[in-house]
Amino acid sequence: MYRMIIRKSPEQVEKMAAAGDLLVRCLRLLRSSARAGMTTGELDSAAEKFIRSQDSEPAFKGYRGFPGSICTSPNSMVVHGIPGPQQLKRGDLLSLDVGVIRDGWVADAAITVPIGPVTAEARQLLETTREALLEGTAQVKAGNHLGDVSAAIQRRVELDGFSIIRSLVGHGIGRDMHEEPQIPNYGEPGRGPLLEEGMVLAIEPMVNAGGPLVRMGDDGWAVYSQDGSLAAHFEFTVAVTADGPRVLTPWHEGD
């Protein structure tokens, strides 16, 4: 039995889209700023300053005790990296995960960016994970099942020889950062909850270049690939509408 999934009115979806628009501008600021020699703490400060300047709040700050305004996760760190004194280096991959609260509504999105030139494997990992997100998002349609989204993501990732992290999932989103349903990045088409107009989902493939297992870092937040392989994370907030999927955090537009 699935717990209740909160559907949003068109007016509420518009409010989430406004939060998403701000989030996209923040991600573009971070992507243009992330370069070798900069610290993840400096990126965090820039994000917080920008979000608060727009009469909004960083959703992650203080969430369950998280100390940062954004998550900064380099290389084999998959998610939940705490920003700090770590300097970025040429050849790094850096996942940037941002949440914004605007007028009481939350948007959540993530990108993984290369810091200067990166290896061919790293480039392929980024391309595959981004494409998996797009293919999963294309299944966010009324009448489909959640398993259609999950299966599309899994198919793309595994076809390209990478591994879905099975212990980390996407989620519903709205007034709260995490709502029902949980959204695995693997599954079978036609299974799981029926998607209905007004549902809003945070779709977020998390992918390892090596095996699928992860481990928790010493700080109790950061999650790493267990084998030390590179990881990537891309995320949209997506609404189910009468016209199909509507990406409320369209950081990919204009790429």
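Let me begin with a helix pair: α1 and α2 cross in the right-handed sense. Please keep in mind throughout that this is a predicted model.

Helix α1 covers residues 10-33 and helix α2 covers residues 40-53; they pack at an angle of about 150°, and their axes are 10 Å apart. Angles over 145 degrees count as roughly antiparallel, and α1 and α2 are therefore roughly antiparallel to each other. Which residues make the contact? From α1 they are Leu-22, Arg-25, Cys-26, Leu-29, Leu-30 and Ser-33, and from α2 they are Leu-43, Ala-46, Ala-47, Phe-50 and Ile-51. By class, this contact of α1 with α2 divides into 9 nonpolar residues, 1 polar and 1 charged.

The axes of helix α3, residues 120-137, and helix α4, residues 146-159, come within 8 Å and cross at roughly 155°. That angle makes α3 roughly antiparallel to α4. Here, too, the crossing is right-handed, with α3 passing α4. On the α3 side, the contact is made by Thr-128, Glu-131, Ala-132, Glu-135 and Gly-136; on the α4 side, by Val-149, Ala-152, Ile-153, Arg-156 and Val-157. How many residues of each class does the contact of α3 with α4 have? There are 5 nonpolar, 2 polar and 3 charged residues.

Next, the sheet. It is an open sheet of 3 strands, in the order β6-β10-β13, with antiparallel pairing. Why is one side of β6 and of β13 left without a neighbour in the sheet? Strands β6 (163-164) and β13 (231-233) stand at the edges and each has a single partner strand, so one side of each has no neighbour there. Between β6 and strand β10, residues 206-208, the antiparallel pairing runs over 2 bridges. In one of these strands, β10, Val-207 is the bridge partner of Ile-164. Helix α3 returns at this point: α3 packs on the sheet, where it touches β10 and β13, and its direction makes about 30° with that of β13.

Finally, I would draw attention to a single residue, Asn-75. Where is Asn-75 placed? Asn-75 lies in the loop between β2 (70-74) and β3 (77-79). Leaving aside residues up to four places away in sequence, Asn-75 touches Gly-91, Asp-92, Leu-93, Ser-229, Leu-230 and Ala-231. With one of these, Asp-92, the side chain of Asn-75 forms a side-chain polar contact of 3.0 Å. Glu-42 is 33 residues from Asn-75 along the chain, and the C-alpha atoms of the two are separated by 18 Å.

Notes: Residues numbered from 1 in each chain as written. Predicted model: local features only at pLDDT ≥ 70, side-chain atom pairs only at ≥ 80, totals over all residues. Heavy atoms only, no water. Axes fitted to C-alpha atoms, helices over the stretch in contact; angles between N-to-C directions. Helix = DSSP H or I, 4+ residues; strand = E, 2+ residues; numbered from the N terminus. Parallel < 35°, antiparallel > 145°, perpendicular 65-115°, else oblique. Left-handed = near helix turned anticlockwise from the far one by under 90°. Contact = heavy atoms within 4.5 Å. Nonpolar A, V, L, I, M, F, W, Y, C, P; charged D, E, K, R; others polar. Polar contact = N/O pair within 3.5 Å; in protein donor to acceptor, adjacent residues only side chain to side chain. Pairing = 2+ DSSP bridges.
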